[in-house]
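Please read this briefing with the sequence and the structure side by side.

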Amino acid sequence: MEHFDLSLVNWSRAQFALTAMYHWVFVPLTLGLAFIIAFMETLYYKTGDEEWKRITKFWMTLFGINFAIGVATGIILEFEFGTNWSNYSWFVGDIFGAPLAIEGIMAFFMESTFIAVMFFGWNKVSKKFHLISTWLVAIGANLSALWILVANAWMQYPAGMFFNPDTARNEMHNFWEVLFSPIAINKFLHTVSSGYVLAALFVVGISAWYLLKGRNVLLAKRSIIIASVFGLITSVFLALTGDGSAYQVAQKQPMKLAAMEGLYEGKEGAPLIVVGALTPGKEYNDGKDPYLFRIQIPKLLSFLGYRSGDAFVPGVKDIIEGGYNYTDKDGNQKVALSAEQKIERGRIAIQALADYKNAKEKGDTIGMAYNRKLLDENFEYFGYGYLNDPKSIIPNVPLTFYSFHIMVGLGFLFIAFFILMLYLIYLRGFLINKWLLRLSILMIPLAYIASQAGWIVAEVGRQPWVIQDVLPTVAAVSRIDSSAVQVTFFLFFIIFTTLLIAELRIMFTQIKKGPKEGGN
Amino acid sequence: MVDTTYVFLQHYWWFIISLLGALLVFLLFVQGGQTLIYTIGKTEMERTMIVNALGRKWEFTFTTLVTFGGAFFASFPLFYSTSFGGAYWVWMAILFCFVIQAVSYEYRSKPNNFLGHKTYEIFLFINGLLGTVLLGTAVATFFTGSQFSMAKINLTNINNPVISSWETPWHGLEAALNLHNISLGLAVFFLARVLALLYFMNHINHPDILARSRKQLLYNAIPFLVFFLTFVIWLFVREGFAVNPTTGDVFMQKHKYLLNLIQMPIVLVLFLGGVVLVLWGILKSLLQPYTKGIWFTGIGTVLAVLSLFLIAGYNNTAYYPSTFNLQHSLTIFNSSSSKFTLTVMSIVSLLIPFVVAYIWYAWKSINIKKIDEEEMKNETHVY
């Protein structure tokens, strides 16, 4: 009997994580800076003030440098679904492929067409057409984010589909359920708003550097004002959508929520950990205190997850062992199965599929009907059938826990920062507050850390699933040699790191040069 | 009973894929041009004009490639799963070529760019050479086949549920050892250079670049014709992968692709018309002081490539044949998405004319005059 090559699975995961994280270094800035530039150009269009044009063109230069490498790192991701996750491509391609195709048709062409006008059209098209083009670049970039995030959200909460045993795959039956699933809406809004906040902090930080150096003061002042207003609005929105996302995670991915909070044993009126450290080497059933220390807010996790301070929040142990009450997606009260029972039900579903196929080949309609029914009854746990160990449904708890708390902590820090900045702008004191200007520069790397941490929570927290409960990573990989993936992993690592160094050096040089010498 | 709507949708999406593939081959003129930067540009200013002429179009090629991939995934996911997961090295090599291209235009002339402008030009050259040859070679396997197996029942093997497997350890590299595949790869490479030269003649206002482009056109048109005719003649005389419409069984049929052309007269007209237009654009540009050859050769390229894709998938033909087991070959029927998904995407595809219209308008707006030295000196965003 052949067995899963875990080395292949792990290297494939590592490669996808590497390429996704590199891509996500550049995309948030593109998403947010595009809008900030559009606001600035709108002011130029309205006022005719040439300084606004100069400011717009300066930020546009930095946008271009960042955009190019975002494109370079993005193409890999689309094709990796095929190269490294070929089984996944067939099993859910009927649903997952559509958003990618629509993304290409609707968003990428809009972005790539109007970006050419944005960069090369200053002296060739009217001011109005140029402004519209800049707005369309921003809209196109965000539309492309919409479609890929819809696809990602579907993996976290597979909606609008059914399993077709004849084709041995999942098929879409309701496009709107895929597009407007609550997970998709929250994921899109939360993710793009994180990009807006990052871009706002980027603009504020670089402008603050100019103020510290006493250079490009007008550009810096105007940029800080625009970015701070944009940053405050979007960071508050980020917190609200974060709450919405966490609520959806509680309903649809309870194991992820348990990992985010390091909650091993469920309880009613569960507290939210504000700050804490996990006990190293903790096993889900060893009875040890999961925290070395913690500062917590009583009942808040129950309230945020279930909108009731007394609600029961299942922990890792509860989800493994089952037996607690929960409300399913149709609003029915149920008793949770243990992981072992789910694995058993998954195996029944997989065997029913095999028997259905055999019956079909023999023309046995009764056998087909029987196995179809059996498959439908157990399909909810189909993916569990590929797992051997109940513990394999536990994600990496420390990584998820710390990433989540870093993300949330920094998110609230950003709100406080923007409030303070705007308050000092109101008092006209921000120019002389050197500590605040230095703090502004520090905010740039913090923004990137928060952004990456967010994706770690989303993707590590949902392991072992590629598609929640339906397909685990072990059953989604391509059949290639692990060594082949190791080679491409290191090739990607080398090339992306080289390009990142190039990007940073070019970016720093352009910033040091400033707007006049920066190709403007 | 045959669901005619579903069959229509499968044909419609194969047409869309074919059209995207054809547009991609036309847009590979950017790649072709990247291999000619030093052949045509003898001074730094000339090279700057060439790079900028190409640099304003590279994203369209890139976007078309991405959309081609996305549309293939959405409409024929079994191809995506089988080919990309199996021919791993070929697709990875193609992707690497495009990754290094994406940054090269923007970073080439920027100060302190870490690798130096020569390195970025080498990246562009690699993309232009390997990107075109490998894409052509990969597409040729639509006619020559690959060694893979595919069995959906594998999904029920909980220890090894992979549906598609490549049955050689070369994982796609073996395609590059097949002379018929290589002939198409080289034909695409030289066609991309021909298109690039015609584009330079049309788009750059510089007498030396015009003269050198015309001279190079002859040198590249000849090998293009040699490799293209080799591929096409070979294709028409070889056996093809036919599908029995009643049983779905795949079998080898003599002159299958020639028969497809004859049995689909519209495709035959497209093919012949395309070839004539390609040749007309080249000859007129060679023999007269004419700079609009790109339009004829470009449109001809789209028509000829479109018709080649159509004979690969239409008329009961397996478009992605398995030489390991004929019955595992992919057809537009056994590899497509569901009727519902194809319907949803067909509705979205109605936006394509609108997309084409705004691309046309935007291009027209910023291409009102040819690139010249003066523009390069005054332009604020130069590659």
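In which loop of chain A is Pro464(A) found? Pro464(A) is found in the loop between helix 14 (434–460) and strand 9 (465–467) of chain A, where helices (H or I, at least four residues) and strands (E, at least two) are DSSP runs, numbered from the N terminus. This is a predicted model, in which local features need pLDDT of at least 70 and side-chain atom pairs count only at pLDDT 80 or more, while totals for chains, interfaces and linings use all residues. Residues are numbered from 1 along each chain as its sequence is written, and chains are lettered from A and ligands numbered from 1 in the order in which they are written.

**The two chains**

- Chain A contains 15 helices and 10 strands. Its radius of gyration is 25 Å, close to the 24 Å that the globule rule gives for 520 residues, so chain A is as compact as a globular protein of that length; the radius is taken over C-alpha atoms, and the rule is 2.2 Å times the number of residues to the power 0.38.
- The C-alpha trace of chain A spans about 80 × 50 × 40 Å along its principal axes, and buried residues make up 53% of its 520 residues. A residue is buried if 20 or more other C-beta atoms lie within 10 Å of its own, exposed if 12 or fewer, and partly exposed in between, with C-beta atoms placed from the backbone.
- Chain B has 16 helices and four strands. For its 383 residues a compact globule would have a radius of gyration near 21 Å, and the 22 Å of chain B agrees with this.
- Taken along the principal axes, the C-alpha atoms of chain B fill a box of roughly 65 × 45 × 40 Å, and 57% of the 383 residues in chain B are buried.

- Helix 2 (residues 50–83) of chain A has 34 residues, which at 1.5 Å a residue should span 50 Å, and the 49 Å between its end C-alpha atoms agrees with that; the expected span is 1.5 Å times one less than the number of residues.
- Helix 2 of chain A is mostly covered, since 27 of its 34 residues are buried.
- Helix 2 of chain A packs with helix 3 (residues 86–120) of chain A at an angle of about 160°, and their axes are 11 Å apart. Axes are lines fitted to C-alpha atoms, for helices over the stretch in contact, and angles run from 0 to 180 degrees between N-to-C directions.
- That angle makes helix 2 of chain A roughly antiparallel to helix 3 of chain A (angles under 35 degrees count as roughly parallel, over 145 as roughly antiparallel, 65 to 115 as roughly perpendicular and the rest as oblique).
- Helix 2 of chain A passes helix 3 of chain A in a left-handed crossing, a term used if the near helix is turned anticlockwise from the far one by less than a right angle, with right-handed used if clockwise.
- Leu100(A) lies in helix 3 of chain A and is buried, with 25 other C-beta atoms within 10 Å. The C-alpha atoms of Leu100(A) and Val150(A) are separated by 9.4 Å, although these residues are 50 apart along the chain.

**Helices 9 and 10 of chain B**

- Helix 9 (residues 179–203) and helix 10 (residues 207–237) of chain B pack at an angle of about 155°, with their axes 7 Å apart. Helix 9 of chain B and helix 10 of chain B are therefore roughly antiparallel to each other.
- Helix 9 of chain B passes helix 10 of chain B in a left-handed crossing. The residues of this contact divide into 19 nonpolar, six polar and two charged, where Ala, Val, Leu, Ile, Met, Phe, Trp, Tyr, Cys and Pro count as nonpolar, Asp, Glu, Lys and Arg as charged, and the others, Gly among them, as polar.

- A cis peptide bond joins Gln463(A) and Pro464(A), with omega about 15°.
- Asn216(A), in the loop between helix 6 (182–213) and helix 7 (217–252) of chain A, has a phi near 45°, a positive value in a residue other than glycine. Asn216(A) is buried, with 21 other C-beta atoms within 10 Å.
- His171(B), in the loop between strand 2 (164–166) and helix 9 of chain B, has a phi near 45°, a positive value in a residue other than glycine. His171(B) counts as buried, with 22 C-beta neighbours inside 10 Å.
- Asn396(A), in the loop between helix 12 (365–378) and helix 13 (397–426) of chain A, counts as partly exposed, with 13 C-beta neighbours inside 10 Å.
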